[in-house]
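Hi,

Here is the structure I said I would pass on.

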Amino acid sequence: MPEPSFLFGQFLGGLTAAMFLFTIGAGLSLIFGVLRVLNFAHGSFYMFGAYIAWQVMTWLGPGTEYFWLAALGAATGVAVLGVVIERLLLRHLYGREELYQLLFTYALVLILADSVKIIWGTGQLSASRPPSMTGAVQIFGTTVPYYNLFIMLLGPAIALGLWLLMHRTRLGRMIRAAVMDREMLEALGANVGVLYTVMFAVGAFLAGLGGALVTPVKSIVPGMDVEVIVEVFIIVVIGGLGSLWGTFLGAVVFGQVLAFGILIMPRFSIFAVFALMAIILIVRPWGLLGKPLSR
Amino acid sequence: MSALLELHDVHTAYGLSRVLFGVSLQVAAGECVCLLGRNGVGKTTTIRSIMGLTRPSSGHVLWKGRDIAGWPPHRIARAGIGFVPEDRRVFAELSVWENLDVAQRACERSGPWTIARVYEVFPKLQELAKRQAGFLSGGEQQMLTIGRTLMCNPELLLLDEPSEGLAPMVVDRLLEQVAALKDQGLTILLAEQGVEFSLRIADRVYVLEKGTVRHSGPAAELREDEALRQRLLAL
């Protein structure tokens, strides 16, 4: 039996990974929940967030507090990219068969992946934590870097923020109304097209933010898009597509299964996650907290 | 008499299935006009064509003289046409108040209607303000869906089958409320299967059959002439 402090450290590691994934997955789930589009290119948005953040940091000074500015700038840049894609291209595919949307967003994955290689090359880039986040704190005998602590707090903050946005603001009520009956809302005078663009931008922003924030702990390489989209798909499938708290729960489950799976069977921990997803797909296809699709 | 709304030879189809074959009609300001006819003759499709929810394949929909055929629904709503759908279609997971608030935000068309004024017309809605709309009775939902549309300050109200599925007493109450709206100067275009309901409130009627106008005339004519009513609307 390993020491409790070691297990606790493993738990916190899993939680950190989970909150990174939640930040990204929340955007994917939001876009699906409102627009009913499963955006394969969400991982590409994440990758762009990482590269843009790296670029801005390189310009402003790596390893400085400009990190925060770079992260916000990268997320905003990805949101703008999302708006362009939604307004010019994606909106023509609403109401078509899902297959077209999948093909379209898959094409985006290929285009964006090649764009990254053309702009930044195929080498591995890296960034460092801002100076204010280089320290660590001792919790129950485990060393926890400030940065991990920040990520662990950011996840719930984003969840709460999105929940408040959806349930306590007029914009949120409009969005929920659009989900319930888009045509009716339009007949009441709402320009639902603009609402969709806003939601796509918010989703893309979260993906970009996730990508920017991951730069100090992961290397920035082509291929990080596909790696993350697989993981994010797993968490939204476990939690329930379109469900905010489901995505949160899915991320936590994913993080912990991976963190402790590595202790029990190091080579098969990713297999454990896939097995879990398969079981959920069979037993409860709409996910732990999702709702069955009524279409 | 210049018409507020005028349909000119409107043809509308859902994909390959054609429903309207040249509907023409007029509604003047302040009038209550009723579309009568059996199920499937094109009443709902006429309303949807006016609202831009199903785009007419040919013909003109003139609103104050401008052709609005082909406009998106939100633009038509903002131009002053309010749509009260069949089956009510309240936002079931939102509360009564939230339904009204969303509608107010959706439209941004200024005018006399506020949530407080909707509560004055439908006091029951105020009592139920915090209730989820999905849990209301049919009659309450009908009040909410009308109140919600009023938040956009329409000049013309399109009412699609408002009495459908409601108990007779509820229908009577609804009729009074709709009549009160008319007295306040609202123009109304009503689609109804219920002859009783429509003849009590309408000034003029159009009887639709197989996607065209079979008969048009004052409502009084149909009210008084039993034989004509039988001939046009025999069930």
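Leaving aside neighbours within four places in sequence, which residues is Leu195(A) in contact with? They are Met174(A), Ile175(A), Ala178(A) and Ala190(A), where contact is defined as C-beta atoms, placed from the backbone, within 7 Å.

Before the rest, some housekeeping. This is a predicted model, where local features need pLDDT of at least 70 and side-chain atom pairs count only at pLDDT 80 or more, while totals for chains, interfaces and linings use all residues. Residues are numbered from 1 along each chain as its sequence is written, with chains lettered from A and ligands numbered from 1 in the order in which they are written.

Back to Leu195(A), then. Its place is in helix α8 of chain A, residues 192-214 (helices are DSSP runs of H or I with at least four residues, strands are runs of E with at least two, and both are numbered from the N terminus). Leu195(A) counts as buried because it has 21 C-beta neighbours inside 10 Å; the definition asks for 20 or more other C-beta atoms within 10 Å, with 12 or fewer making a residue exposed and anything in between partly exposed. Leu244(A) is 49 residues away from Leu195(A) in sequence, and their C-alpha atoms are 18 Å apart.

Also in chain A, strands β1 (136-139) and β2 (142-145) run antiparallel and are joined by 4 bridges (strands pair if DSSP finds at least two bridges between them). Val137(A) has Val144(A) as its bridge partner. The hairpin has 2 residues between the strands, and Phe140(A) takes a positive phi near 50° there.

Where the chains meet, 16 residues of chain A are in contact with 24 of chain B. On the chain A side, α6 (170-180) and α7 (182-187) are the elements that give two or more residues, and α6(A) has the largest share with 6 residues. By class, that side has 8 nonpolar, 2 polar and 6 charged residues (nonpolar is Ala, Val, Leu, Ile, Met, Phe, Trp, Tyr, Cys and Pro; charged is Asp, Glu, Lys and Arg; the others, Gly among them, are polar).

On to chain B and strand β8 (187-192). All 6 of its 6 residues are buried, so β8(B) is largely enclosed by the rest of the structure. Thr187(B), Leu189(B) and Ala191(B) point one way, and Ile188(B), Leu190(B) and Glu192(B) point the other. β8(B) pairs in the parallel sense with β3(B) (32-36) over 5 bridges, and Cys34(B) stands opposite Leu190(B). Another 5 bridges join β8(B) to β7(B) (156-160), again running parallel, with Leu156(B) opposite Thr187(B).

There is also an open antiparallel sheet of 4 strands in chain B, in the order β2-β1-β4-β5. β2(B) (17-28) and β5(B) (66-67) stand at the edges with a single partner strand each, so one side of each is left without a neighbour in the sheet. Between β1(B) (3-14) and β4(B) (58-63) there are 5 bridges, and Leu7(B) has Val61(B) as its partner.

Cheers

Technical notes. Two residues are in contact if their C-beta atoms, placed from the backbone, lie within 7 Å.
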